[in-house]
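Let us walk through this structure step by step. Keep the sequence and the 3D view side by side as you read.

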Amino acid sequence: LTLRRLFCFNAYASASVTSPKKKPLVFLGSPQVSVTVLDALLNSSSSPDSNFEVAAIVTQPPSRRERGRKVYPSPIAQHALDRGFPSDLILTPERAGEEMFLSNLRDLQPELCVTAAYGNILPTKFLKIPPLGTVNVHPSLLPLYRGAAPVQRALQDGVKETGVSLAFTVRALDAGPVIAYERFEVDDQIKAPELLELLFSIGSKLLIRELPSIFDGSAKVKAQPQDDSKVTLAPKLTPEESWLSFDQDATVLHNKVRAFAGWPGTRAKIAVIDETTSQCDILEPKIITTRASSPENDQENEVDEITYIKGALVIPCGGCSTLEVLELQLPGRKVVTADAFKNGLRGRKLKRL
């Protein structure tokens, strides 16, 4: 037994000489889109030549879903557990400024913290802990779209180009120096969930590419301060914003549908009229998929009448434009195509409200 212990000690000592201790890194993220960044870090840290390890994961506390019946961990926490990450190293503070949490973080002695859609404000006490700083993967071309909903607000504005930035975190919102960025061309049909996933995928590769410079300190030298004169803000979405007003141009409405896809979605009020009985019912469907177009020159419909053309509900909008609705969803029902929705009308007419 003594010989075995001596052998194990010598083997450990030998490994320590040939393989220096890895630098501890703490990752902070919460929603599903952050999984790509976490996976990139875990995969990179497990390679033989890696000089860092993921020492802990910080995420939002478990929340109630399915009408409050059960409590579930955040998507990041669940994914980490599925990968076999130790549960005691998954930290879930209500606020990142809690003294107990900060004490636990100090005990880990992280060299670097990395955030990707964490969803919690990081106080100065937190930012002072990692000597190499905290780096954020932000899905916009900073200083454009600082805030909680950069992808959604960019789509709402109808941008043709966006991107992802890797920036040091400072106390001011998304205002730190930018280490690197990648541009991304935006097509006019992509929705927020898909674009978010793509940008965080690009961001994860960007992060792994830049980690060596962050660890050796050269990233702080090359990082560029943001031009505050070009700042735009991206406040979080609210359910109150989700209603569509058909007095607006169809392109504006189409961009809003793309931006609000996933959550909170976009809603519209539509009148269903039975001309034989004069009965009028008001529907409030979610508008799922659209495209903007110009009206046909030979149309002679009423200004508020919704027609059906080539697989789309065609709604007249402001500026002599029309919004083509390709998919929609009634409350409590599944998403259906415009074809299926029209078949369920049984000859009744539609009008916009």
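**Starting from an arginine**

The side chain of Arg352 reaches out to the backbone oxygen of Pro316, at 2.8 Å. Bear in mind that this is a predicted model. Where does Arg352 sit? Its place is in strand β18, which covers residues 349–352. Is Arg352 buried or exposed? Its relative accessible area is 17%. Buried means under 20%, so Arg352 counts as buried.

Arg352 has another polar partner. Its side chain joins that of Asp247 through a polar contact of 3.4 Å. Leaving aside residues up to four places away in sequence, Arg352 also touches a list of others, including Phe246, Lys269, Val303 and Cys317.

Follow Lys269 from there. The charged end of Lys269 sits over the ring of Trp243, 5.4 Å from the ring centre. Lys220 lies over the face of Phe168, at 5.8 Å from the ring centre.

Now turn to the sheet. Strands of a sheet pair through backbone hydrogen bonds, either parallel or antiparallel. Here, an open sheet has 7 strands with mixed pairing. What is their order? The strands run β5-β2-β1-β6-β7-β8-β9. At the edges stand β5 (90–91) and β9 (178–185). Each has a single partner strand, so one side of each is left without a neighbour in the sheet.

Strands β6 (residues 112–116) and β7 (residues 134–138) run parallel, joined by 3 bridges. Here Cys113 stands opposite Thr134 in β7. The next pair, β7 and β8, is antiparallel, over 4 bridges. Here Asn136 stands opposite Ala167 in β8. Then β8 and β9 run antiparallel, joined by 7 bridges. Look for Thr162: its bridge partner in β9 is Phe184. How covered is β8? It is mostly covered, with 7 of its 8 residues buried.

Helices lie across the sheet. Helix α2 (residues 35–45) lies across β1 (23–29), β2, β6 and β7. It runs at about 150° to β2. Helix α7 lies across β1, β2, β6, β7, β8 (161–168) and β9. It runs at about 150° to β9.

Ser44 is in helix α2. Which residues does Ser44 touch, not counting those up to four places away in sequence? They are Ser50, Phe52 and Ile208. Ser44 and Ile208 are 164 residues apart along the chain. Their C-alpha atoms are separated by 7.5 Å.

Phe52 leads on to the aromatic rings. A pair of aromatic rings is described by the distance of the centres and the angle of the planes. The structure holds 2 aromatic pairs. In one of them, the rings of Phe52 and Phe215 have their centres 5.7 Å apart. Why is this pair called stacked? The planes are at 25°, and planes under 30 degrees apart count as stacked. Phe52 lies in strand β2 (residues 52–58) and Phe215 in helix α7 (residues 192–215). The pair therefore ties together parts that are 163 residues apart in sequence. Phe52 counts as buried, at 3% relative accessibility. Phe215 is buried as well, with a relative accessible area of 6%.

The rings of Phe101 and Phe126 make another pair. Their centres are 6.3 Å apart and their planes are at 15°, so this pair is stacked. Phe101 lies in helix α4 (residues 99–108) and Phe126 in helix α5 (residues 124–127). The pair links distant parts of the chain, 25 residues apart. Both Phe101 and Phe126 are buried.

End with helix α9, residues 250–259. How many of its 10 residues are buried? The count is 8, so α9 is largely enclosed by the rest of the structure. Among the buried ones are Leu253, His254, Val257 and Arg258. What do the buried residues of α9 pack against? Their neighbours are α6 (150–156), α7, β10 (266–267), β13 (286–293), β15 (312–317) and β16 (321–329). At the start of α9, look for Asp249. One of its side-chain oxygens reaches to within 2.9 Å of the backbone nitrogen of Thr251.

Methods: Residues are numbered from 1 along each chain as its sequence is written. This is a predicted model: local features need pLDDT of at least 70, side-chain atom pairs count only at pLDDT 80 or more; totals for chains, interfaces and linings use all residues. Side-chain values use heavy atoms; hydrogens and water are left out. Rings of Phe, Tyr and Trp (its six-membered ring) pair if their centres lie within 6.5 Å; planes under 30 degrees apart count as stacked, over 60 as edge-to-face and the rest as tilted. Helices (H or I, at least four residues) and strands (E, at least two) are DSSP runs, numbered from the N terminus. Buried means under 20% relative accessible area, exposed over 50%, partly exposed in between (1.4 Å probe, protein chains only). A charge sits over a ring if NZ of Lys or CZ of Arg is within 6 Å of the ring centre and within 35 degrees of the ring normal. Two strands pair if DSSP finds at least two bridges between them. Contact means heavy atoms within 4.5 Å. Axes are lines fitted to C-alpha atoms, for helices over the stretch in contact, and angles run from 0 to 180 degrees between N-to-C directions. A polar contact is a pair of N or O atoms within 3.5 Å; within protein, one must be able to donate a hydrogen and the other to accept it, and residues adjacent in sequence count only if both atoms are side-chain atoms.
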